[in-house]
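Please report on the structure shown here.

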Amino acid sequence: MHIAHDILNTRASAWTDAIFVRRSRRLFDERPADADAVAKLADIAERFRPFDDARTVVVPRSPEDLFTGVIGSYGRVAGAVSAMLFLGSGKAVGRDNHVGYVSEALMLEATALGLSTCWVGGGIRRPVALALTPLGAEERVFGASPLGVSLPETTVLGRPRREVRTLDRRKPIATIAHTAGDAWPDWARRAVEHAQWAPSAMNRQPWRFAYEDGGLVVRVAGPEIAPHISLRLDAGIAMLHLELGARTEGVLGTWTDLEGRDIARFDPIGA
Ligand SMILES: Cc1cc2nc3c(=O)[nH]c(=O)nc-3n(C[C@H](O)[C@H](O)[C@H](O)COP(=O)(O)O)c2cc1C
């Protein structure tokens, strides 16, 4: 727990910058990614364990076909030599949001190190993961990301791929935090502005934020697009962004997991 706190303290500013730079990249140069960057990322992945039921593993050399079969409506994820696997274990209510939170920290660290990424949910089969890293009996693969140098995404005619561009639009603050207004402190508004840029499966942006009793509550709403990927996972990703946003106003806090469509609440320390 202490180590994870130290990493958050030292990396928060780089991760915050990365929020506004990161975009999902799906086409990669087949040359290996910078070995130093991959080694640094692997080191942080090993040490950043704020929850005991979620972790990330960096795989410096992943098989070419790791993402085959996880195509969906996105287009293929191809060409990356390295990858990350996002793992969760046990049955605690917060497991999926913990996986989202931890994986996003590593996605932002990768971005800060100059490595391109793309969250890919589901579809990585256990035997394929087992060939890359040992898994605990209770551990499950929730997703993965390619890591490396990305190529421009174009159609066969050389035009930018429209579906990739439209997929990164975000819902307005008025939709995701409809009570946001004068009654909200600056830190809470800032927190939501950072959460707004969180990636989510199919860009469904299921998270909603409410300022209640001095803290921020994260909920999920909306239809279950891509129901095989848990909404809690998306919410966990947004939680990390929210916390980083609060920190830009000097507010540190703690998380409490909640049940059902209420995912978790963030309470400022010392409030
Ligand atoms: C949990 C999760 C699962 C995702 N699954 C896939 C996937 O299977 N294939 C893919 O190409 N992109 C996938 N994405 C990427 C999203 O489509 C992308 O984050 C979203 O459209 C927003 O765009 P941005 O990441 O460029 O900001 C996933 C993202 C998340 C958070």
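Four strands make up an open sheet, ordered 5-6-8-7, with antiparallel pairing. Strand 5 (207-212) and strand 7 (253-257) are the edges: each has a single partner strand, so one side of each lacks a neighbour in the sheet. Neighbouring strands here are turned by 20° against each other on average, direction ignored.

Strands (E, at least two residues) and helices (H or I, at least four) are DSSP runs, numbered from the N terminus. Two strands pair if DSSP finds at least two bridges between them.

Strand 6 (residues 215-220) and strand 8 (residues 262-268) run antiparallel and are joined by four bridges. L216 has F266 of strand 8 as its bridge partner.

Helix 7 (residues 186-195) packs on the sheet and touches strand 5 and strand 6. Its direction makes about 175° with that of strand 5. Axes are lines fitted to C-alpha atoms, for helices over the stretch in contact; angles run from 0 to 180 degrees between N-to-C directions.

## W119

W119 sits in the loop between helix 3 (95-112) and strand 3 (120-121). W119 is buried, with 23 other C-beta atoms within 10 Å; the buried label takes 20 or more, exposed 12 or fewer, partly exposed in between, with C-beta atoms placed from the backbone.

Beyond neighbours within four places in sequence, W119 contacts S24, M107, G143, S145 and P199 (contact: C-beta atoms, placed from the backbone, within 7 Å). W119 and R25 are 94 residues apart in sequence, yet 9.1 Å apart in space, C-alpha to C-alpha.

## Basis

The model is predicted: local features need pLDDT of at least 70, side-chain atom pairs count only at pLDDT 80 or more, and totals for chains, interfaces and linings use all residues. Residues are numbered from 1 along each chain as its sequence is written.

Technical notes:
Two residues are in contact if their C-beta atoms, placed from the backbone, lie within 7 Å.
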